Structure formats: C-alpha cells, structure tokens
Amino acid sequence: MKKKTISTLVLGAILTMGSQLAFAAPDWSKVPKRDVSVFHPGVTPIEWVMKKSDHSGTAGLKKGETCVGCHEEKGTLNFNFKRLADKELEPKGAPVTMIYPVAVQASYDAANLYIRLTFKAPAGGADKGDKENEVKATVMFPDAKVTQAEQVGCWAACHMDARTMPGADEKKTKYTKDGSYELMQWRSAKGAKVGDGKVTTERKMDGGTLGAKAEGAKAGDVYTVTFTRKNPGEGKTIPFGLAIHGDHATGRFHHVSLGYTLGIGATGDVKAVKQ
Amino acid sequence: MASKIAGLLTMLKKPSAKYSLFALLSVGFLSGIFFWGGFNTAMEATNTLDFCISCHEMHDNVYQEYKKTIHFTNRTGVRAVCSDCHVPKDWSHKMLRKIQASGEVWGKLIGTIDTPAKFEANRLRLATNEWTRMKANDSRECRNCHSFESMDPERQKLRGAKMHKIGQDEKKTCIDCHKGIAHQKPKGMKEDDE
C-alpha cells in the first residue's frame with residue numbers, strides 16, 4: 001500500500017514536470033508584436049452590419065471584403081467614432097476612450113499555441129456591471145461553418161436580441177446561426193477560473209475543447225495576459241477576434257477587435273513564431 | 001362682352017398705321033427682355049436658401065439637420081444650398097421641376113407637414129420621392145460638383161476608396177449609397193431602397 005502511494009506521488013511529480021515542460025512559456029522578447037485596435041462598438045450587431053441603410057459597407061462584405069480591409073488604416077481604425085458614441089448607436093452612453101491598441105504576440109510548439117495580449121485598459125467605462133473583475137480578456141475563434149467567419153470576426157455571434165442590447169432578453173447570450181466559435185477568457189479577479197467555452201446556439205463559458213489556460217498580470221497600468229491553447233495544426237491560418245472588458249464592463253460594453261487571422265507557420269495578420 | 005373681345009382681337013390683328021415697324025420691334029424687344037429677365041429673376045429667387053427656409057416646415061425640420069452636415073459648413077467654405085441638390089441647373093429640367101414643385105404650395109396650404117409629427121410621418125414618403133428622382137437622373141445634381149473622374153482615391157479614407165471602386169464597377173449612382181447625407185434617414189426604409 002505504502003509502495004503504491006509513493007509510486008503514485010512519483011508518477012504525479014513526473015507528470016506535473018512534464019506538463020510544465022509542455023507548457024513552457026515562449027521567449028516573448030523574440031516574438032514580434034502586432035498592434036490590434038479594440039474599440040467600443042456600441043449597438044452595431046451583425047444585423048446592423050448587414051443592413052445597407054445602417055452600414056454602406058454591406059456592399060463590400062457581399063463582395064468578399066473584410067472589415068479590416070476597409071477599416072484598418074494608418075495603424076488605427078477609420079470609424080466615425082462620433083457616430084459610434086452618439087445616442088443612436090450608444091443609447092446608454094459611450095466610454096471615455098473609444099479605441100485603444102492591444103499588442104498581440106503568438107508562438108507555438110508541437111502541442112500548444114500561445115497568445116499574449118499586452119494593453120492598457122483605460123478607466124472611464126460607461127457600464128460597470130461586473131463587480132468582481134476589473135478586466136476580462138477574451139479570444140474567440142470561429143470555425144469554417146460560421147458565415148463570413150474570415151470577414152466579420154466575432155460579429156456573426158453578436159445579435160440585436162442578445163443580453164445588454166437595448167430592449168433585449170437579459171438571459172439570451174451571444175449565439176451563432178451557423179457554425180460555432182471556441183472562446184477562451186481570462187478574468188482579473190483573484191483565483192477566477194479561466195473560461196474555455198463555446199458559442200453555438202448559446203454561449204457557454206466552460207466545456208470547451210481548447211484546453212485553455214491563461215495567466216494575467218498588471219504592472220503599473222499595463223496588463224499582460226498570456227493564453228495557452230491546443231495547437232490547431234502547423235501550416236494553418238485561423239481567424240480570431242479579441243474582446244477586452246475594461247473598467248468592470250459587462251456584456252456588450254466591451255472593446256472589441258475586428259476579425260483578424262493568425263498564421264501558425266503560415267501567413268496571417270499575426271504570425272505565430274515557432275519555439 | 002363677346003363683341004368687346006371680338007373687337008380687341010380685330011384690333012390686334014389689324015396692321016398698325018400709327019407706329020413704325022422699328023418702334024413696334026423695339027418695344028417688343030425691350031418688353032421681352034424685361035419680362036424674361038423678371039421671370040428668371042423671380043424663379044432664381046425661389047432657388048435661394050433664404051426662400052427655402054422662409055416656411056417653418058423647412059426651417060424647423062430639414063434645415064436644422066442640414067446645418068450639421070458637411071454640405072452646410074466645411075473646411076473649404078463651399079456650401080451647397082437646398083436648390084443645388086434639389087433643383088436641376090439646366091433651364092428645361094429646372095422648369096419641369098418648378099412646375100412639379102408647385103404641388104408643394106398646395107401641401108403648404110393644407111398643412112401636410114406643418115407639425116414635427118406630420119413631418120416625421122411623411123419623411124419616408126418625401127425622401128423616397130427625392131431618391132427616385134435622383135436615381136432616375138443618375139444623380140445629376142450631385143454630379144454638378146462631384147465626379148468619379150475628378151476623385152483621387154488616394155486622398156480618400158480606405159473605406160471610401162474601396163466602396164467607390166465597387167460603385168464604379170457596378171455602375172452605381174451616387175444616391176444608391178449616399179442617402180441621408182444632408183438630412184436624417186427616415187425610419188422604416190425598405191432594403192430595396194437602401
């Protein structure tokens with residue numbers, strides 16, 4: 001019995017060391033940073049994006065253009081932020097800071113894909129519904145079945161009738177009409193669980209298949225969040241989008257990125273460096 | 001009464017024995033200039049911003065919206081007033097538009113849009129009329145100032161440059177996309193109109 005216990009402990013120790021080796025942090029100083037702007041989107045769900053009277057770029061999307069293709073310019077986004085902050089698109093009141101950059105780095109090894117986000121989450125939010133977490137950082141990955149997954153990023157999961165939208169059912173989460181998103185979320189509250197979930201007909205914050213882990217720290221006013229997830233495969237380019245809930249924000253009161261691509265030994269807006 | 005009219009017609013048809021041909025032509029020519037000039041001056045007066053906003057229906061609604069747009073005030077100081085967008089420049093089309101617009105006088109008399117609520121109730125119908133007119137004439141009034149030939153996409157925001165390329169490729173006209181640029185968009189627009 002005693003021998004068995006010792007064997008179990010030794011085996012456990014070896015496995016723990018092994019897993020630490022497997023999740024060995026990349027040398028981030030050797031990984032280039034790609035600035036991705038996150039912005040307050042107001043009430044602009046996919047229904048708004050695809051309605052020409054609201055968004056003239058609908059014609060571009062129908063031609064296969066991406067959101068980034070029209071709106072990322074000179075290192076920032078060329079939106080009319082006055083319009084986005086106006087009552088029509090933000091009836092509750094806009095945050096003081098409408099847009100800020102998130103530095104994205106990515107790296108991979110045989111087992112995992114590592115994504116590091118570095119950002120200053122500004123104060124001055126308009127909604128402080130999350131009392132526990134000052135900041136949440138989320139990465140979502142649409143699968144190939146999501147309509148326009150490589151064009152619209154997270155927008156295919158963002159709907160007018162989802163919670164925190166004006167007049168919407170407060171129990172209805174984000175959802176997709178086709179395909180699904182995998183998501184991982186880091187929360188700043190001490191001891192908070194890392195979200196490893198999925199968005200299908202509803203959003204679930206656990207039960208996902210990414211094998212997600214996350215570590216975050218705040219140094220001064222700079223947050224650094226490092227995610228680890230299973231490597232989807234070398235040579236692949238996967239679409240992704242970011243969301244930062246800063247200043248205790250909840251629901252749609254986040255700052256989000258447009259849809260970008262991440263290349264794992266392949267082309268992409270963000271190129272993951274092999275370890 | 002009938003005999004008086006017949007007498008007047010007889011006199012008008014009768015060659016003048018009293019006035020010289022030169023005098024008659026001169027009077028006719030000068031009268032022509034006077035009446036034609038007067039007619040055009042009066043018509044041009046109805047093309048001014050001041051005339052358009054002299055009724056409260058325009059002043060209190062569309063004018064207030066237009067004042068916030070780039071067509072009212074901008075970096076270069078060029079202003080497009082109501083008639084620049086809503087009345088054709090060439091004479092024949094302008095006349096047709098003015099005759100058509102006389103119907104608006106009736107609307108004024110019966111108070112079709114004399115309250116903000118009535119204006120909002122009619123906004124979609126009125127806007128649709130104007131979009132239909134502009135679509136039919138290939139956005140002629142826009143093109144008095146704007147043209148694809150004189151556009152420099154390099155100086156446009158990326159989103160504008162890309163959309164203008166699509167617009168040219170698909171032979172779109174300005175009003176196909178640029179609705180609600182000087183006034184608020186109406187609620188309840190049909191997707192076909194967008």
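Here are some questions and answers on this predicted model.

Q: How many helices and strands does chain A have, and which radius of gyration goes with them?
A: Chain A has six helices and 15 strands. For 275 residues the globule rule gives 19 Å, and the value for chain A is close to that, so chain A is as compact as a globular protein of that length. Its radius of gyration is 20 Å.

Q: What share of the residues counts as buried in chain A, and what share in chain B?
A: Buried here takes 20 or more other C-beta atoms within 10 Å. In chain A, 40% of the 275 residues count as buried. For the 194 residues of chain B, the share is 7%.

Q: Which residues have the most contacts inside the largest nonpolar core?
A: That core has 58 residues. Take A:Phe227: leaving aside neighbours within four places in sequence, its contacts include A:Tyr114, A:Met184 and A:Trp186. The residues with the most contacts inside the core are A:Phe227, A:Leu242 and A:Ile244.

Q: Which helix gives the most to the side of chain B that touches chain A?
A: The contact takes eleven residues from chain B and 13 residues from chain A. By class, the chain B side has five nonpolar, no polar and six charged residues. With five residues, the one that gives the most to that side is helix H9 (residues 158–169) of chain B.

Q: Where do the buried residues of H9(B) fall, seen down its axis?
A: The buried residues of H9(B) are B:Arg159, B:Lys162 and B:Met163. Their directions fall within an arc of 95°, so they line one face of the helix. In general, an α-helix has 3.6 residues a turn, so residues three or four places apart point the same way. For H9(B), then, the place is one face, within an arc of 95°.

Q: What covers the buried residues of H9(B)?
A: Part of the cover comes from chain B itself, in the form of helix H10 (174–177). Chain A supplies cover too. From that chain, the helices are H3 (58–62) and H4 (67–71).

Q: How many of the 25 residues of H2(B) are buried?
A: At 1.5 Å a residue, H2 (residues 21–45) of chain B should span 36 Å, and its end C-alpha atoms are 35 Å apart, which agrees. As for burial, H2(B) lies largely in the open. The number buried is zero.

Q: Is A:Lys74 buried or exposed?
A: A:Lys74 sits in the loop between strand E2 (72–73) and strand E3 (76–77) of chain A. Its phi is positive, about 50°, although it is not a glycine. With 8 other C-beta atoms within 10 Å, A:Lys74 is exposed.

Q: Is B:Ser139 buried or exposed?
A: B:Ser139 is in the loop between helix H7 (116–136) and helix H8 (140–143) of chain B. Its phi is positive too, near 55°. Having 20 other C-beta atoms within 10 Å, B:Ser139 is buried.

How values were computed:
Residues are numbered from 1 along each chain as its sequence is written. Chains are lettered from A and ligands numbered from 1 in the order in which they are written. This is a predicted model: local features need pLDDT of at least 70, side-chain atom pairs count only at pLDDT 80 or more; totals for chains, interfaces and linings use all residues. Two residues are in contact if their C-beta atoms, placed from the backbone, lie within 7 Å. Helices (H or I, at least four residues) and strands (E, at least two) are DSSP runs, numbered from the N terminus. Ala, Val, Leu, Ile, Met, Phe, Trp, Tyr, Cys and Pro count as nonpolar, Asp, Glu, Lys and Arg as charged, and the others, Gly among them, as polar. A nonpolar core is a set of buried Ala, Val, Leu, Ile, Met, Phe, Trp, Tyr and Cys residues joined through C-beta atoms within 7 Å. A residue is buried if 20 or more other C-beta atoms lie within 10 Å of its own, exposed if 12 or fewer, and partly exposed in between; C-beta atoms are placed from the backbone. The radius of gyration is taken over C-alpha atoms; the globule rule is 2.2 Å times the number of residues to the power 0.38. The arc is that of the directions from the helix axis to the C-beta atoms. The expected span of a helix is 1.5 Å times one less than its number of residues.
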